[in-house]
Every structure is written in C-alpha cells, then in structure tokens.
Amino acid sequence: MGLGNVEIMSTTAAEIICQSKLSLALTGAGISVESGIPDFRSRGGLWERFDPMEYGTISAFQANPEKVWTMFQEMEKIIRRARPNPAHKALGRLQHMGLLHTIITQNIDNLHQEEGATSVIEYHGNSKTLSCISCDRQYRLEKLGEEIPPRCTCGQILKPDVVLFGEAIPPRALRESHELASSCEALLVIGTSAQVAPANTIPLIAKKAGASIIEINVEPTLLTSSVTDIFFQGRAGELVTKLADEVEGIMNQS
Ligand code: NAD
C-alpha cells in the first residue's frame, strides 16, 4: 500500500498491531528531533559542525580522542536538555497496553527509557555510561567531574558506551534484535533513514519473516518503496500518537 487515505491507512495499521502476536518498533534519530536532538540531516544542526564521518568513527577517536571529545561534549549538552516527546510517549503507551513487545532503538539518548518503556534494545549503546579504553572499567556520566576528556583511575581516556562507525554492535543487542525481527508479525519503523548498517537489515529480516512493515518518516527512505507496506509521511510526534490512539480505540471496543 502506498500513499493514500491517511485515515484508512491509520485504521489498517492499528488493526495490524492489535492482531499481531509480536510487534516491534525500530527507531532512529528522527523520533528525537522533536525533543530537540538533531538527526544527521537537520539543517544548522550539530552535524554541520561535526561531520559524522570525521568525528564519529572509532579510528578518529583512537587517533585523536581529545578532538572527538569536543563532539561528545556538545552532544551531551543537547541530550541533557532533551525530554521525551509525544512519539516516545505513544510507544510507551503501546508497550503498557501489551501490544509492543520491544523497541529497538538506534538512539543513544535514553528518551524511550525515560518515558517508561518496558523493553528497549539499545542497538548503538547509550551515552549515560562510559568505559575505559584500556581496562574497560565502567563509569556513570553523572558521577564524573569536569575534566575533558575524562580519565579512568588507571590514567587512560574514557569513551562513552556508544557505537561509533567502525565498531561492532553490542553482541547481545545484535542477537536479540535479529532474533525478534525474524519472528515478529509487525514492525514500526520510525524516524530512520535506514542508511546505517546493520540496523537497516532489521526491516529486511522482518519482511522476510512475513511481518507487516509500517513506516513513519517526514520523507520517503530507501525502505519506502522496497519493504514498507504502509507509509505515513509526517512528524513522528503526531503520527505515532494518532496510531496509538487508534489502537487504544480498537482495544476499548473489544
Ligand atoms: P538519520 O539522521 O540518518 O535519519 C533520520 C531520519 O529521521 C530521516 O530519514 C529523517 O527524514 C527522519 N526524520 C527527521 N525528523 C523527523 C520527525 N520529526 N518525524 C519522523 N521522522 C523524522 O538517523 P538514523 O537512521 O537513526 O541513523 C543515524 C545514526 O546516528 C544512528 O546510529 C543514530 O543512533 C545516531 N544518532 C542518534 C541520535 C540520538 O540519539 N537522538 C541523534 C543523531 C544521530
């Protein structure tokens, strides 16, 4: 199903979620844009000053950790100010209704968890903890002092526990999300450009397993004309809320 009557599509998507034995959501940077965290494409955003390919790779960090820490510092300031938006809230609502098994997020901003999501896989890690690049000792961000870059008691530099380009996905997150994708019946894909691998294989795995793919994005993506069954074009805050309202309406009738 392509672009068409939004109301009918919304009801169809809500029915799919209500009937699905296992529904998942895959979220990307776009779901947090309305919380004030820019995605890679926002104009005038963080990523115009810090090219992800220059600052966001593990080799850049290894070569010049002080330089990459200037980006981490900026990101941390933005994330600290951000609060969950209606899209995070709506997904949390679906989880509390028992209709959304797991949220697989590529985001490192903790906003699903702050909204009380019951099951979240952090595919690209989380910015709230840091680990020593030498001895692996882990620290909580809020316990650290002002020193930049922060250092471990062993003297080595700490790195946030986020997956940089060139780093492996945390093995448990990778295994669990791919297992869930291969057995889900519905997958909501929200605010991701689907350009970052291997996260962008999750919709393909789900589709191959026979799942319905429901995509929400302000613009079409690589997935829209290939694997997506229902595409809602618009902002996540409004559209995910509308979908959760429809689902709630159906559940209240039954
Ligand atoms: P991306 O920046 O490549 O794509 C974002 C997508 O969201 C785009 O397709 C855009 O059209 C869409 N979008 C923007 N605003 C939207 C809105 N209001 N509603 C719905 N859709 C909207 O992001 P990605 O695919 O997640 O990949 C980027 C990588 O960078 C990921 O690994 C992600 O973890 C990381 N990242 C994370 C954050 C964060 O934690 N909030 C922010 C920036 C980047």
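Where does Asp136 lie? Asp136 is placed in the loop between β4 and β5, where helices (H or I, at least four residues) and strands (E, at least two) are DSSP runs numbered from the N terminus. The structure is a predicted model, in which local features need pLDDT of at least 70 and side-chain atom pairs count only at pLDDT 80 or more, while totals for chains, interfaces and linings use all residues. Residues are numbered from 1 along each chain as its sequence is written, and side-chain values use heavy atoms, with hydrogens and water left out.

**Backbone geometry**

- Asp136 has a phi near 70°, a positive value in a residue other than glycine.
- Asp136 is exposed, with a relative accessible area of 59%; buried means under 20% relative accessible area, exposed over 50%, and partly exposed in between (1.4 Å probe, protein chains only).
- Ala194 also has a positive phi, near 60°, and is a residue other than glycine.
- Ala194 belongs to the loop between β7 and α9, and it counts as buried at 7% relative accessibility.
- Pro198 lies in the loop between β7 (186–190) and α9 (202–208), and the peptide bond from Ala197 to Pro198 is cis, with omega near 0°.
- A cis peptide bond joins Ile148 and Pro149, with omega about -10°.
- Pro149 is situated in the loop between β5 (138–140) and β6 (158–162).

**Ligand site**

- The ligand is surrounded by 28 residues, of which the closest are Arg41, Gln106, His124, Thr192 and Ser193; a residue is counted here if one of its heavy atoms lies within 4 Å of the ligand.
- The side chain of Thr192 has an N or O atom 2.7 Å from an oxygen atom of the ligand. A polar contact is a pair of N or O atoms within 3.5 Å; within protein, one must be able to donate a hydrogen and the other to accept it, and residues adjacent in sequence count only if both atoms are side-chain atoms.
- Asn217 places a polar side-chain atom 2.7 Å from an oxygen atom of the ligand.
- At Ala236, a backbone N or O atom lies 2.9 Å from a nitrogen atom of the ligand.
- Taken alone, the ligand exposes 840 Å², and the protein buries 94% of that; accessible areas come from the Shrake-Rupley method with a 1.4 Å probe, and for residues only the protein chains shown count as cover.

**Aromatic pairs and a charge over a ring**

- A search of the whole structure finds five aromatic pairs. Rings of Phe, Tyr and Trp (its six-membered ring) pair if their centres lie within 6.5 Å; planes under 30 degrees apart count as stacked, over 60 as edge-to-face and the rest as tilted.
- Phe40 and Trp47 form an edge-to-face pair, at 4.8 Å centre to centre with 90° between the planes.
- Phe40 is partly exposed at 35% relative accessibility, whereas Trp47 is buried at 15%.
- Trp69 and Phe72 form an edge-to-face pair, at 5.2 Å centre to centre with 80° between the planes.
- Trp69 and Phe72 are separated by about one helical turn, because they are three residues apart in helix α5 (residues 65–81).
- Trp69 is buried at 5% relative accessible area, and Phe72 is buried at 6%.
- Phe40, Trp47 and Phe165 are linked into a cluster by ring pairs.
- Lys67 lies over the face of Tyr55, 4.9 Å from the ring centre; a charge sits over a ring if NZ of Lys or CZ of Arg is within 6 Å of the ring centre and within 35 degrees of the ring normal.

**Surroundings of Ser127**

- Ser127 is in strand β4 (residues 125–132) and is buried, with a relative accessible area of 12%.
- A polar atom of the Ser127 side chain lies 2.8 Å from the backbone oxygen of Ile108.
- Leaving aside residues up to four places away in sequence, Ser127 touches Ile79, Ile108, Leu141 and Val162; contact means heavy atoms within 4.5 Å.

**Surroundings of Pro84**

- Pro84 is in the loop between α5 and α6 (86–96), and it counts as buried at 14% relative accessibility.
- Pro84 touches Ser35, Lys89, Leu111, Glu114 and Glu115, not counting residues up to four places away in sequence.
- Pro84 and Asp245 are 161 residues apart in sequence and 18 Å apart in space, C-alpha to C-alpha.
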